[in-house]
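Please open the model in your viewer and keep the selection panel at hand. The tour goes from one selection to the next.

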Amino acid sequence: MAGTGKSTISRTVAAELAERKRLAASFFFSRGRGDISHAGKFFTTIAAQLATSLPVLRTAISNAINKEPDIFQQGLRNQWKHLILNPLRNAPAQSIQLVVVIDALDECDNMKDIQLILELLAEAKNLETIRLRILVTSRPETPISLGFHELPGEAYQDFILHEVSPSIVNHDISIFFQRNLARVKATNKQLKTPWPDEQTIELLVKKAAGLFIYAATTYRFIKDDAYDPEDRLSIILGENTHSHSQSPTKDLDVMYTTLLQHSVIGKRDLTDCEELVARFKEIVGSVVIMFDVMPPRYLAELHQVKFSNLSKTLAPLHSVLNVPENEMEPVRLFHPSFRDFLLDSRRCIEPQFQIDANQGHIQLFRKCMRLIFTKLHENICNLPEVGILVTDISGDVIQQHIPPHVRYGCRYWLDHFQHGNPGEEDVRTIRDFLQQHFLHWLEALSLIGEVSNGVLMVIALEDMLAVSHNPLKFM
């Protein structure tokens, strides 16, 4: 196992292993990306892939499911034991060594699940019939580091990227800047030659301080077609990096602050800035805390803003957000460090850019509830008869009547409520929902294939009510 790593590395390794037919399974965690932001479907996904890559396991995995049909709703320990460990343990001996790749474990949103996953995966070292190796990449967050250190020494091996010689890292970052800025030069003939010169490359490498994400974000900032690359480079070179902070992210934080000051505010007057900052906090703030991604068109519907205004808010942020030209493709963060920066007031020291996660979650809860109250109704898909199977309904029909923003609202309203700072009016909203739209919500969940998650949401809501003994105040 590897203690820390980067997504690009693990994905490259996974591709190479797949090409050599050594990849048994893979799972790439990503916070704010629905089912891959938590461990709920981690072991079931791994088991499904193992059944494909190792046909000798199919019967054992199938038998385990037949014996315990609710295995998909059981805890991680039971899923690991019945769907993976026992089938591997009882499989015929194989003269191969296979690898399971688990990327960005730190992106799993439950630290207890992370520690349990590490504990369970360590049991693979005792397998005798099939030689299985597991590659785990993660940022070195304390709970994860402790989870590794609690494992027996023979169970894992560390490869810590930040312990690689700085000269090697800086050399690679220098090559990255040289090659990518050469592409910018090739498409901007007015730039002087050479551009940038060696001294500038050396300064950029120094500013990067060994962080590839700094280099990648800087490159995207400079190459933005809407701006003069020479001006953008000057902005980066003019960053004030004199800071007494000892934080390992201080250089990255300065870069993000500079980027936001020029991309969000620029040279606009104070009146315009207030509106732009408010829109930034609402839209970009939601992107960084949402539990799944969403296309721009439906993100605008969720926030009840004009699509043109949403586009104007996102367009200057191409260096930190992947904003697709196709409005049906989702908006994504390029790197979780940008989210971490915005949510941490110790790092994001400019108040106009700080995102209050609690407030953001409760605002999203209210927007999800608005969608449920205004969009859901009996027979939402206008089906011609009662009792028709969901499998017989066209996906286009479901998409038409339950578009992505409504689907999101149905799936994640309770998650936002739990992560927010709700008031009594929000509790009353849930009570009204249960009285007026509960059955409509269940119908919508069945149509979008989320009934199992709906059951878990009802159980969680019931637990919250039981703890409070007061349906109007159960926080």
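Select Cys410, which has a relative accessible area of 0% and is therefore buried (under 20% relative accessible area, with a 1.4 Å probe and protein chains only). This is a predicted model, in which local features need pLDDT of at least 70 and side-chain atom pairs count only at pLDDT 80 or more, while totals for chains, interfaces and linings use all residues. Residues are numbered from 1 along each chain as its sequence is written, and side-chain values use heavy atoms, with hydrogens and water left out.

The structure holds zero disulfides. Cys348, at 1% relative accessibility, also counts as buried.

Next, select His38, Ala39, Asp109, Arg411 and Asp415, which are the closest to the centre of the second largest pocket among its 38 lining residues. A pocket is an open set of points on a 1 Å grid over the protein atoms alone, with protein on both sides within 12 Å along at least five of seven lines, and lining residues have an atom within 4 Å of a point. About 1,200 Å³ of space lies in this pocket, the volume being the space filled by probe spheres set on the points. Colour helix 18 (404–419), a DSSP run of H or I with at least four residues, because the largest share of the pocket lining, six residues, comes from helix 18.

Notes. 1 Å grid on protein atoms, 1.4 Å probe; cavity = no way out; pocket = protein on both sides within 12 Å on 5 of 7 lines; lining within 4 Å. Helix = DSSP H or I, 4+ residues; strand = E, 2+ residues; numbered from the N terminus. Disulfide = S-S within 2.5 Å. Buried < 20%, exposed > 50% of the residue type's maximum accessible area, 1.4 Å probe, protein only.
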